[in-house]
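Dear colleague,

I am handing over the structure we spoke about, and my notes on it follow below. Please look through the model first and then read on.

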Amino acid sequence: MNILLVEDNPDSRRNLRRLIEKRGHEVTACATAEEAETEVAKDDFPLVILDWMLPGKSGIELCRSLRLLPSGDEMYILLVTARANAEDLEEAMNAGANDYLTKPFDVRRLNVRITVAERHIQQLQERNAARGALLEAAQRTADILEKTSDGFASFDRDWNFTHVNARAVKMMDRSRDELVGRNLWESFPHLLATAFE
């Protein structure tokens, strides 16, 4: 996994990088929020580990700006902080952090936090893959229905048109815009009269 590490202390940055790389991940390390934003513009990082206290823009501010990116809701953000009181941790969560790790570092806790992040990211990737496969299958089905020589229309539970293929449009002598989202019985009231004869 590609991980972005944002830590201004060179020793901490080196130690964290070494520990994370031991888990088999690729690490891009930065000293400032501004450097991190440059890296995020160039590459995707499913996991971002960032220090709260950074020179210039803080980790909290960076966390907020990362969440505003188009893919920001898919990043797992682990905020590292020396602050441990409830108000600070609540502020971290409100800024968009998924989790936090307090200093000084405990290697076991770091490993637990990264394991949690790995599982979360894997589940998200699996959901996205399933969603992509579902959308692809739906598109294939729509293509088949569009090309069939039979008229086809689908409805929601309130009998509103949700899809009408080209043949059905021709048969009903209405445009798709006139049908999709409209109620079958309101669009064709004579059908209601004959449906129960």
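The buried residues of helix H2 pack against strand E1 (2-6), strand E2 (26-30) and helix H3 (59-67). Please bear in mind that this is a predicted model. In H2, which spans residues 33-42, the buried residues are Ala33, Ala36 and Val40; seen down the helix axis they fall within an arc of 55°, so they line one face of the helix. Ala41 and Lys42, on the other side of H2, are exposed.

The count of salt bridges comes to 11. One of them joins Glu118 and Arg23, whose closest N and O atoms are 2.8 Å apart, and this pair links distant parts of the chain, with Glu118 in helix H5 and Arg23 in the loop between helix H1 (10-22) and E2, 95 residues apart. Another is formed by the side chains of Asp51 and Lys103, at 3.2 Å from N to O; here Asp51 is buried, with a relative accessible area of 4%, whereas Lys103 counts as partly exposed at 27%. In a further salt bridge, Glu146 meets Arg176 with the closest N and O atoms 2.5 Å apart, and because Glu146 lies in helix H5 and Arg176 in helix H7 (residues 176-179), the pair ties together parts that are 30 residues apart in sequence. Salt bridges that share partners also join Glu7, Asp51 and Lys103 into one network.

Finally, the largest pocket holds about 230 Å³ of space and is lined by 14 residues, with Asp44, Phe45, Pro46, Ser71 and Glu74 nearest its centre. Helix H5 gives the largest share of this lining, four residues.

With best regards

Key:
Residues are numbered from 1 along each chain as its sequence is written. This is a predicted model: local features need pLDDT of at least 70, side-chain atom pairs count only at pLDDT 80 or more; totals for chains, interfaces and linings use all residues. Side-chain values use heavy atoms; hydrogens and water are left out. On a 1 Å grid over the protein atoms alone, a cavity is a set of points where a 1.4 Å probe fits but cannot get out, and a pocket is an open set with protein on both sides within 12 Å along at least five of seven lines; lining residues have an atom within 4 Å of a point. Grid points are joined across faces, edges and corners, and a volume is the space filled by probe spheres set on the points. Helices (H or I, at least four residues) and strands (E, at least two) are DSSP runs, numbered from the N terminus. Buried means under 20% relative accessible area, exposed over 50%, partly exposed in between (1.4 Å probe, protein chains only). The arc is that of the directions from the helix axis to the C-beta atoms. Contact means heavy atoms within 4.5 Å. A salt bridge is a side-chain nitrogen of Lys or Arg within 4 Å of a carboxyl oxygen of Asp or Glu.
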